[in-house]
Amino acid sequence: MLQLKTETQLPQTIVMPSAFVLKKCTCCNLEFPKTETYFRKNGLFFRSKCKNCLNKNLPKKTNEEKKEAKRKSHKLWQEKNRIERNKKQKEYRCKNLDKYKDRVVKYNIKTTHSLTDGYILSLLCKRSSVEKKTITKEIIEQKRIIIQLKRQINYGQAKGLKF
Ligand SMILES: [Zn+2]
């Protein structure tokens, strides 16, 4: 009776050997059980390279190679972060449309009044089938003059208009 009781009280950790925990080798990128059969121990901790790789005695990475690897991983991180951040910003804008409406209206008034290159370019593209690339600075300048003239005729003065 007593023996049975001790059997059922075995802690879970003994049933689950550490061999089920996998560890990725930083050299060959393969996963092995996190045991001393596959990884050499450095004091208390397992080393990042598997025994296979350590035995191969590969040449150590030079400082330049290390720097390059760091640069690459940082770039990847940045790229991933950028996509994620843009997504979050978009979500935020959609949820807080009222907050951004004023800003958009202000921006629109500013661009239509100051007749920025970007605004004129978008006008030209909207009203004709011309490609953006083919529109030169001169065309933009001419369009600007035309708009200003039209505004002067239609509204008396292009500048100082208040909406
Ligand atoms: Zn390895």
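This is a short chat about a predicted model of one protein chain.

Q: What is the chain built from, in helices and strands?
A: The protein chain has 7 helices and 4 strands.

Q: And in what pattern do they come along the sequence?
A: Reading along the sequence gives α-α-β-β-β-β-α-α-α-α-α.

Q: How much of the chain is buried?
A: Of its 163 residues, 2% count as buried.

Q: Switching to α4. How many residues does it have, and how far does it reach?
A: Helix α4 covers residues 63–95, which is 33 residues. From its first C-alpha to its last it reaches 47 Å.

Q: What span would be expected for α4?
A: The expected span is 48 Å at 1.5 Å a residue, and the 47 Å of α4 is close to that.

Q: How many of the residues in α4 are buried?
A: The count is 0 among its 33 residues, so α4 is hardly covered.

Q: Now the strands. In which sense do β3 and β4 pair?
A: Strand β3 (residues 39–42) and strand β4 (residues 45–50) pair in the antiparallel sense, over 3 bridges.

Q: Which residues stand opposite each other there?
A: Asn-42 stands opposite Phe-45 in β4. Phe-39 stands opposite Cys-50, also in β4.

Q: What sits between the two strands of that hairpin?
A: There are 2 residues between the strands of the β3 and β4 hairpin. In this hairpin Gly-43 takes a positive phi near 70°.

Q: Is Asn-29 buried or exposed, and why?
A: Asn-29 is exposed, because 9 other C-beta atoms lie within 10 Å, and the cut-off for exposed is 12 or fewer.

Q: What about phi at Leu-115?
A: Leu-115 has a positive phi of about 50° although it is not a glycine. Leu-115 is found in the loop between α5 (97–114) and α6 (117–127).

Q: And why does Leu-115 count as partly exposed?
A: Leu-115 has 18 C-beta neighbours inside 10 Å. A residue is buried at 20 or more and exposed at 12 or fewer, so Leu-115 counts as partly exposed.

Methods: Residues numbered from 1 in each chain as written. Predicted model: local features only at pLDDT ≥ 70, side-chain atom pairs only at ≥ 80, totals over all residues. Expected span 1.5 Å × (residues − 1). Pairing = 2+ DSSP bridges.
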